[in-house]
Amino acid sequence: MGLLRNALSSNRSSAPLTGEKTRMFTDYPDRLLVAARSRATGRIVGGETLVRVPVMEGEDDDPDGFAWLGFVSTLPSERGKGIIKKVSLEGMSWCVEQGIEEVKFTSNPNNPERESARGFYVKYGAAIIAAGVGKNTDLFSWNVSTAIDKLTASH
Ligand SMILES: CC(C)(COP(=O)(O)OP(=O)(O)OC[C@H]1O[C@@H](n2cnc3c(N)ncnc32)[C@H](O)[C@@H]1OP(=O)(O)O)[C@@H](O)C(=O)NCCC(=O)NCCS
């Protein structure tokens, strides 16, 4: 998992994730850590995290809310093999089980390391709903049904 964190950005540590950090996503029913393991090597090669965010906004209260997506990454040597599409489909299926219809996340438009991720998100149905939030951040929304339809069709 540490290598995956390093795969997110080369300036991030590749040290193993502590048990405490991993449990932040594995020990709660409203959080998910998806990890893809290679059958050939047994290594974890890709992953993502999802955390449910309930919404309380008067008329628009939605206890199911949306899910916040993070940690989307595939080891550089394993890219282009469909790993993140499988990981994303797993995450989206969990959203359906949770009654969650929308996934949100941010991405930096000025970071070349994010180019393929942004291409992937848009190709599979995510859209920017607020550009330039903060200095280097676009806010995306990804409809769960749309993602599942597109990811399933690509298999
Ligand atoms: C983004 C990333 C996770 C993709 O992982 P992957 O396992 O190689 O992706 P997959 O093989 O499952 O396929 C991704 C899909 O996106 C498409 N894609 C990739 N780069 C693209 C681009 N620049 N424009 C359009 N589509 C693109 C691929 O063609 C593929 O779709 P297809 O099968 O329909 O052709 C990987 O490149 C990565 O770890 N990047 C660095 C970390 C990162 O930026 N994370 C996101 C933080 S916001």
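This briefing walks through the salt bridges, the ligand surroundings, the pockets and the cavity of the structure above.

Please keep in mind that this is a predicted model, in which local features need pLDDT of at least 70 and side-chain atom pairs count only at pLDDT 80 or more, while totals for chains, interfaces and linings use all residues. Residues are numbered from 1 along each chain as its sequence is written, and side-chain values use heavy atoms, with hydrogens and water left out. The whole structure holds two salt bridges, the largest pocket has about 860 Å³ of space, and 23 residues surround the ligand.

**Salt bridges**

- A search of the whole structure turns up two salt bridges, each defined as a side-chain nitrogen of Lys or Arg within 4 Å of a carboxyl oxygen of Asp or Glu.
- One of them pairs Asp138 with Arg118, at 2.8 Å from N to O. This pair joins distant parts of the chain, with Asp138 in strand S6 (residues 138-143) and Arg118 in helix H4 (residues 115-123), 20 residues apart. Helices (H or I, at least four residues) and strands (E, at least two) are DSSP runs numbered from the N terminus.
- Both Asp138 and Arg118 are buried, where buried means under 20% relative accessible area, exposed means over 50%, and partly exposed is in between (1.4 Å probe, protein chains only). Asp138 has a relative accessibility of 5%.
- The side chains of Asp138 and Arg118 also make a polar contact at 2.8 Å. A polar contact is a pair of N or O atoms within 3.5 Å; within protein, one must be able to donate a hydrogen and the other to accept it, and residues adjacent in sequence count only if both atoms are side-chain atoms.
- The other salt bridge links Lys81 and Glu78, whose closest N and O atoms are 2.7 Å apart. Here Lys81 is exposed, at 53% relative accessible area, whereas Glu78 is buried, at 17%.

**Around the ligand**

- Of the 23 residues around the ligand, Val72, Gly82, Lys85, Arg114 and Tyr124 come nearest; a residue is near a molecule or strand if one of its heavy atoms lies within 4 Å of it.
- Ile84 has a backbone N or O atom 3.0 Å from an oxygen atom of the ligand.
- For Lys81, a backbone N or O atom lies 3.3 Å from a ligand oxygen atom, and for Glu113 a backbone N or O atom lies 3.3 Å from a ligand oxygen atom.

**Pockets**

- Pockets and cavities are found on a 1 Å grid over the protein atoms alone: a cavity is a set of points where a 1.4 Å probe fits but cannot get out, a pocket is an open set with protein on both sides within 12 Å along at least five of seven lines, and lining residues have an atom within 4 Å of a point. Grid points are joined across faces, edges and corners, and a volume is the space filled by probe spheres set on the points.
- The largest pocket contains about 860 Å³ of space. Its lining has 36 residues, of which Val72, Ser73, Ser116, Ala117 and Tyr121 are the closest to its centre.
- Helix H1 (2-8), strand S3 (62-74), H3, strand S4 (102-107) and H4 each give at least two residues to the lining of the largest pocket, and S3 gives the largest share, seven residues.
- That lining divides into 14 nonpolar, 14 polar and eight charged residues. Ala, Val, Leu, Ile, Met, Phe, Trp, Tyr, Cys and Pro count as nonpolar, Asp, Glu, Lys and Arg as charged, and the others, Gly among them, as polar.
- The second largest pocket has about 180 Å³ of space, and its lining includes both Glu78 and Lys81. H3 gives the most to this lining, with four residues.
- By class, the lining of the second largest pocket has five nonpolar, one polar and five charged residues.

**The cavity**

- The count comes to one cavity of 30 Å³ or more, and the largest cavity has a volume of about 40 Å³.
- Its lining is made of Glu48, Leu50, Leu69, Ser88, Gly91, Met92, Val103 and Trp142.
- The cavity lining has five nonpolar, two polar and one charged residues.
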